[in-house]
Structure formats: structure tokens, C-alpha cells
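Here is a short briefing to read alongside the structure. Keep the 3D view open and look up each residue as you go.

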Amino acid sequence: RDPEARTVDDVPSTPEEETALASFRAALKEENVVVPRTMCANGGETGALLRYLRARKLDVTKATSMLRATIAWREENDIDALLSSPLDEDEFRANAAMYPASYHGEDAAGRPVYMERTGSAQFAALVTKLGQEGFLKMHLRGMEYQYRVLLPSASVKRNKPITQMCNVIDVGELSLYDTVSHGEVLRALKAIAAVDADHYPENLGITLVCNAPWSFTSAWSVVRLFLDTKTQAKFKVLGKAYPYMARRLLTDPRPQLRDAFSELLFKDKQFRWNRLENLLREGSKNDDYNGSEVIPPLIELVVGEDKPGEINELRPLVEAEAIKVLEALLLGQSVEVARSEQLAPVVALLPEQLKRLPPIKVGSPEEEARMMALRTQVLRVTEMLSSSKGFDPNALQPLTDALQTPAARRFVETVVSGVAQRVTARVLRELLGEEKATAGAAASAR
């Protein structure tokens, strides 16, 4: 972010804050304390001073001491240079896979939304990999990005000071025992908590803790008794906040959420049908869910035009999955029909030579089981979508339109060709044996 970029200054919210701010400025002037420019990006200098005053309940002496400590800490640890230091993208992606978290638009109040899947985080492995200092540095880079980029941008967008974050924490399958019993992990998390409290005051607007298991909810009911009312109000521990986020991931057209949707559905270059199924199931529980709104994002994922100058890394993955799905639907239907008890009278009339032929197979028992499982899951997802609240068959019209685009035609050609090759290879393998099947499939591909 350009340090000269526009800043929307925060303002005192009460007469008491206005009085304390004037006294704070006088105290800093007397002690020759100057607030660094990097600390003023979020709400201007006024915003920086108000955060420290609010954190110390308008006690000017305590706020001055806290601010001086932060300035000294920033200089000692060269915090200003964090965002300008080179970022190793491969390393960043590897770390993100171990600690899934990202930013997704804004909430209703305009606050940037930070989402973290804490229950899926590999804390022990990441702390071991990065060490205490590296783990803390990764966190600090994120905090500086919030303070110096996200929050100022949100303020300009709304033309009013947006100085706090909305955090969504999915604890999921988090084991509190495993987390607190690992010494290095606990030490790293305590260090982060201390730094945030001492040097990033009043950053939190609200935290939504979702998918909280019974053990977490029970522990929170005790912990909250030790917090003041203001802090309690910033935390909402919910057992089922996921339906709202699932609906947004399924239907929100904003690029950030579309990217997050794509990343969620693909893991290790494989499409995760169970994740789409879970999203549909949970999203449909939200009052504002509309099944027809799910169709456009799915169409965009499958046959959307590539962005100019960008390489669509998901396109080959989508094509490969479409080939597997279409093959499973076609061959799976054939297998079911061929083995149907309704055909028994017809089979009884066949000559003995035909009756002695081996049953229809599409590969090894394991291959067939995987293919039939995929077919079952795809049909289940299709049924969930078509029977979901608000779904209208007319919503499929955009798919018909999208199939007229050059990108869609290329996609269809690739998928049809791929299915033909796979089916040919399966038939030849059954009839001629493995080696001849390989050669035959290669010939058909030519």
C-alpha cells in the first residue's frame, strides 16, 4: 500500500474520548513521542491514539506507556519492513496448507472478514518447521497486512473509519487437549496472544467461533465468566455458524469467494465431491439459501472463460474430473442395467454360449467399486441441488448459453474425447488383455 494513499481518520466517539485524546496528545508532545507513519495507516494518527486510549480505558498515563513500548518494539524488531520483504510464494502456499486461513470480503458493518479453519490446522508441524520466531513472524506479517492494507482500504471503500476486523474461526475437529498439551505449540500461541494484546490493541471487532463441539462450548461458558462485558461481546461461540458461510461460498459472486470456493473443492489436484455435498447440505440450512443461485458459480467453475493473460490451473483438473464423472455415469448405468433382475427372463432365452460369457466388468473389483461410488455421489449431489429450496429448472438456462462459448466447446470436445479413450481402453483390456489394450488405446487416441 502506498504510504501516501488516502486515509480515513477515526474520530472520538464520546466527549470523554475527545478530552482524553487532547490530554494524550499533550503528554506525547511533552515527551517528544512521534507516532510512526506506518502505525497511522489504520484510522490516521487519531485512530492510532484512540486505540491505545481505548485499550487502557482512557487512562492517559497507561496509554502513553503502552504506545512508547509498541514504538520501541517495532523499531527493535524492524516491523515496518515486514510487508516490503520478499515473499516466497511456494513457502507461503506450503504453510497455508498446514494453517488454512484467508480473507473473504467484508461483513455487514464493512469490516474485513478473516476466516481460519483452526480445527484443520497442523500447529505442531508448522511450529516445528518454522520455529518459534518464524511462526510469530508469519502471524505478524498478517497483522501488518490487516493494519496497513485491509482496514485502510475498507475505510476508503465505505468512506468512514473501519478500524476493526471480523474473525470467523472454524474450530471443527480441534482437540483442545492436543493443542495445550504440546509445549511448543502452547508457547507459540501464548507469544502471539501477548504481542496482539500489547501492540495491536482494539483490532478485534467480533469473532465468530463456529462448529464448536460440546467440549469447546462448555469450556467457553466457564472462561467467559472471567472476561469483562466489553470483551465478552466480541466473541460469539456458535455450534452452527457454518450454514451462513457455506451459503456465501456457494453463491457469492465476488472474486475472493469464488477463488476460495475453487480452492475448497480441490485438494491435491483432486475434486472433493464430499466437500461440495457438505456445502450444499449446510448452506441449505441457511434462511437465505436459494438453490438457483448455486448454478452460476458452478457453471463458471466448469466452463467459464479464462481471464486474459492468466493461466487457468484448474481447467485441466476440471476436465479430468468431468471425464471420470461422465465415464462413471455411462458405464455405471450399463452395469446396473446388465445386472438388473428385470433382465433375467431375457438372459434365460440366450444361447448357452452367450450365457457362459464372463459378466460385464469395467476393471478390477476395486476400480469398479470406486467408479460406482463416484456415480452414486454425483447422483446424490445432483438430487440435493435439484430438490433444494428455491431451485428452479429454468436456472439451468445459463448453462445452455454458456455451452455456446468457445471455451465451453473446447471443454466438451476434450471431455468427450477423454471418455472415448478411457472406455476404449477398458473394452480392449477386457477383450485382448493388458498389453494389447494399452497399444489399442494409444492407437485410438491418434
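Of the 446 residues in this protein, 39% count as buried. The model is a predicted one, and its secondary structure comes to 20 helices and seven strands.

**Helix 3 and helix 7**

- Start with helix 3, residues 60-76, and helix 7, residues 183-199: their axes come within 9 Å and cross at roughly 120 degrees.
- Helix 3 is therefore described as oblique to helix 7, because an angle from 65 to 115 degrees would count as roughly perpendicular and one over 145 as roughly antiparallel.
- On the helix 3 side of the contact you will find Met-66, Ala-69, Thr-70 and Trp-73, which meet Val-195, Ala-197, Asp-198 and His-199 of helix 7.
- Sorted by type, the residues of this contact are five nonpolar, two polar and one charged.

- Next, find helix 5, which covers residues 123-158 and spans only 36 Å between its end C-alpha atoms.
- A straight helix of 36 residues would span 52 Å, at 1.5 Å a residue.
- Where does helix 5 bend? Look at Gly-131, where the bend is about 105 degrees.

**Two loop residues with positive phi**

- Asn-32 sits in the loop that links helix 1 (15-30) and helix 2 (44-55).
- Its phi is positive, near 60 degrees, and Asn-32 is a residue other than glycine.
- Is Asn-32 buried or exposed? Its relative accessibility is 69%, so Asn-32 counts as exposed, the cut-off for exposed being over 50%.
- Further along, Lys-57 belongs to the loop between helix 2 and helix 3.
- Lys-57 is not a glycine either, yet its phi is positive, at about 50 degrees.
- With a relative accessible area of 70%, Lys-57 is exposed.

**A buried loop residue**

- Ser-292 is also in a loop, this one between helix 12 (273-283) and helix 13 (295-303).
- Why does Ser-292 count as buried? Its relative accessibility is 16%, and buried means under 20%.
- Now trace from Ser-292 to Lys-389: the two are 97 residues apart in sequence, while their C-alpha atoms are 8.5 Å apart in space.

How values were computed:
Residues numbered from 1 in each chain as written. Predicted model: local features only at pLDDT ≥ 70, side-chain atom pairs only at ≥ 80, totals over all residues. Heavy atoms only, no water. Axes fitted to C-alpha atoms, helices over the stretch in contact; angles between N-to-C directions. Helix = DSSP H or I, 4+ residues; strand = E, 2+ residues; numbered from the N terminus. Parallel < 35°, antiparallel > 145°, perpendicular 65-115°, else oblique. Contact = heavy atoms within 4.5 Å. Nonpolar A, V, L, I, M, F, W, Y, C, P; charged D, E, K, R; others polar. Expected span 1.5 Å × (residues − 1). Bend = angle between axes of the 7 residues up to and from the residue. Buried < 20%, exposed > 50% of the residue type's maximum accessible area, 1.4 Å probe, protein only.
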